[in-house]
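Hi there,

Here is the structure I promised to pass along. Have a look at it first, and then read on for what turned up in it.

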Amino acid sequence: MADLPTKAKVVIIGGGVVGCSVLYHLAKKGWSDCALLEKNELTAGSTWHAAGNVPTFSTSWGIMNMQRYSTELYARLGDEVDYPMNYHQTGSIRLAHSKERMQEFERAKGMGKHQGMDLEILTPDEIKARYPFIETHDIVGALYDPNDGDIDPAQVTQALAKGARDMGATIVRFCPATGVTQDGDGWIVHTDKGDIACDYVVNAAGYYAQTVGEWFKPCGGRTVPMMVMSHQYVLTDEIPEIEAHSKKTGRKLPLLRDVDVSYYFRQEKHGFNIGPYEPNCRAHWVEPSDPMPEDFSFQLWSDDLERIEDIVADSMERVPVAATAGISRIINGPIPYAPDGLPLLGPMPGVKNAFEACVFTFGIAQGGGAGKVLAEWIVDGAPEWDMWAVDPRRYTDYTDQDYCVAKGMEVYGNEYAMHFPWHEWPAGRDKKLSPNHGKVLELGGVMGAYNGWERANWFAQPDDDTSEESTHTWNRKGPWEQRIKEECEAVRDACGVLDLPGFSRFRVQGAGADDWLRGFVSGGLPKVGRMNLVYVANAKGRIVTEFSCIRLAENDFVLITAATAQWHDGDLIRNSVPDGVTVTETTTERSALLVAGPKSREVLAGISDADLEAGWLSHQHCTVAGRPAFLIRVSFTGELGWEVHAENAEMPAIYEAILEAGAKPFGMYALNSLRIEKGYRAWKGDLSTDYSMLEAGLERFVKFDKDQDFNGKAALMAEKQQGRKKAFAPLIIDAGEADAPYMSTIWNGDEIVGETTSGAWGYRVNASVALAMLRSDMADAGTELEVEIYGERRRAVVQPDQPLWDPENARLRA
């Protein structure tokens, strides 16, 4: 057993598949001076009882990248590290009972093709040919993935561990970490065997991640947002027909998933492994009567077959030969869940030089990719792919235990659910409310959650169908369609008002603020009394974030960013400012309204003492409805308009007055349509670290000749000389019933040439619009391409990189 070193570059707490993968990938990048601490034996947590399935399927671009990489790594890992592994790439068949499910599969197929995966759509007859034991009478089709399969969880973990050790990394087993102490910018990790000093620390503690996370709270951390579910799977006795089939074909049956009934069904030796995700699920370790034990290594809970027997029975009707076998064993073990079912992978919120690689619900499938991603984050400062989908900073302070339990159970009970664009999940709601929340509901607001903040997506009339069932469609048409159209037309023709709580606001002030900010962002700063957009790039020149920069005085700025970016951008700012520059956040103390449309000046004139003739991108303190307010002459709608910011207590009176003056309430869906017509980019959709500033068409926000050497300058200068590989462009699409979702594949004949980053129907231009990233030679205006929308290739025409609506911005500047 390895001795505990006194120093290491990185210390990883937790020896499951993810922790070992992080150690392996750090060593692969040349950081062999790293150590992993495991309280028991490697794999003692969720890893040891994991089923070991290794799918690539996801409708998240980042998750698909991560899982695809895992399959590629596992296929070569045994030979690479000289360790025997049972990895069966059997392929998988994912069954569909409905048109909507087939549309989801077509979308995943298109994304997979873009990533180089050969996914196929199967007919019922083709399913039967690949899986002769199946009943297909109620099946409309399936998605086939040739790279899917299963792996022995212990073997892959030990292979990663061996590879890491062979490259010089250290693994210390039976050595529980007991706490951490911050030491300057580094850390001291405490154990019963002594202390180990390090530059970086990683929480990879699986279902103990919340316990470990508490150690970081005195250093700026928070309670890790997670809970633990009981997951059962059933192992059957061996079946002669399955043994005969395997001997005849020389391979196992494909892994089967009936995602509408919610189970996986896998050949295990010559029997089956049946894994249900039942709606009647159970959370563990959430009540005082069921405390988390100090050590649950290599342990399971008692069987609870009643919870899953209906789904198991359904699976045996799907594959009747399974019913001929008895049940040999039921595995019932703990699986950690974050509130959205995706892991926490990336920088630890509020804590410098600490990272998380924990709360993996599908740790075997994602472990290989997770190690690559986190090693790049630690060593290079950023991963190859944009990984906001798993970034721990996507959650903020609303994730209390009740929320985590409610959302974890909702996700588990809907593990294979389709995530429709108009659907909002009902659990864990009303965590953060606008001061106008009651009034918004009274007006018919149909709400959505944005970083916990409740905002109206659209406004329903009394007879509109607002049921959850009505949203189970990928298509544009629904009760919301006419209302969104009316809201967009009100903003186009008259005046609309959007209640917008949750803007992230950071006031940066003090001697040196101006000079620091010039080096922090890629472009120039506004003059006093003005505002502009500024961007932060990473070392590769890719887009990290966007701020509205408001200059109050020479060294006094307010940076406003998206609600979802609160902890991401807050850490970015606080970790960058020099001594003497202070950062004050007012995200929760203030709220905002968007007032927009050709009659917005008229609406505000009767209730405000503001100078409403002040120019575009100006700002001022004033009163609205007799209440103190701050007006910014800017509009994300592309119409004449203002943002009205005020203290929470003042907002109800201001909102009421604006409504009484004739403004029509509009929601987030209308705003999305309006901003896409203008080509305005949205953070973590159109603006992500997958794209450089130049690729995104943002060169006007890069000031190459300023004195400050901003992050990414060298990379952007090289890209400017060599030419960008991708180019941003709006598209007008001859769409059918659905508009292009995020990451729809774009084709030129049989060649993939790009992807959409967002899409919606534009009610002012009366067309389906998408914002896209294209191979640069395909981005000329007038080029005809095809966008794959849920399996249908639709004609698209590239537009100039300018607003489709009011390209001269005359309406904005009116």
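A term to start with: a residue is called buried under 20% relative accessible area, exposed over 50%, and partly exposed in between, using a 1.4 Å probe and protein chains only. Lys684 is a case in point, since its relative accessible area of 18% makes it buried. Please keep in mind that this is a predicted model, in which local features need pLDDT of at least 70 and side-chain atom pairs count only at pLDDT 80 or more, while totals for chains, interfaces and linings use all residues. Residues are numbered from 1 along each chain as its sequence is written, and side-chain values use heavy atoms, with hydrogens and water left out.

Lys684 belongs to the loop between H18 and H19; helices (H or I, at least four residues) and strands (E, at least two) are DSSP runs, numbered from the N terminus. Val359 is another non-glycine with a positive phi, here about 60°. You will find Val359 in the loop between strand E19 (354–358) and helix H10 (363–380), and Val359 is buried, with a relative accessible area of 0%.

**Aromatic rings**

How many aromatic pairs does the structure hold? There are 27, where rings of Phe, Tyr and Trp (its six-membered ring) pair if their centres lie within 6.5 Å; planes under 30 degrees apart count as stacked, over 60 as edge-to-face and the rest as tilted. One of these is Trp31 with Tyr200: the ring centres are 5.9 Å apart and the planes are at 35°, so the pair is tilted. This pair links distant parts of the chain, 169 residues apart, with Trp31 in the loop between helix H1 (17–28) and strand E2 (34–37) and Tyr200 in strand E11 (residues 194–203). Trp31 is buried at 17% relative accessible area, and Tyr200 counts as buried at 18%.

Tyr207 and Tyr208 form a tilted pair too, because their planes are at 45°, with the ring centres 5.3 Å apart. Tyr207 and Tyr208 are both buried. Elsewhere, ring pairs join Tyr264, Tyr277, Tyr337, Phe362, Tyr412 and Tyr416 into a cluster.

Two rings have a charge over them, meaning that NZ of Lys or CZ of Arg is within 6 Å of the ring centre and within 35 degrees of the ring normal. The charged end of Lys39 sits over the ring of Tyr208, 4.1 Å from its centre. Arg793 lies over the face of Trp747, at 3.8 Å from the ring centre.

**Salt bridges**

The structure holds 61 salt bridges, each a side-chain nitrogen of Lys or Arg within 4 Å of a carboxyl oxygen of Asp or Glu. Among them is Asp199 with Lys9, whose closest N and O atoms are 3.3 Å apart. This pair links distant parts of the chain, with Asp199 in strand E11 and Lys9 in strand E1 (residues 7–13), 190 residues apart. Asp199 is partly exposed at 34% relative accessible area, and Lys9 is partly exposed at 29%.

Lys720 and Glu699 also meet in a salt bridge, at 2.4 Å from N to O. Lys720 is in helix H19 and Glu699 in the loop between H18 and H19, 21 residues apart.

**Domains**

The domain assignment, which is automatic or from a database, gives domain 1 (1–87 + 150–225 + 338–395), domain 2 (504–585) and domain 3 (590–664). What lies between domain 1 and domain 2? About 820 Å² of buried area, of which carbon and sulfur atoms give 53%; buried area is the accessible area (1.4 Å probe) that two parts lose on being put together, summed over both. In domain 1, Lys352, Trp388 and Arg393 lose the most area to domain 2, together 47% of what that side buries. Contact (heavy atoms within 4.5 Å) involves 11 residues of domain 1 and 7 residues of domain 2.

Happy browsing!
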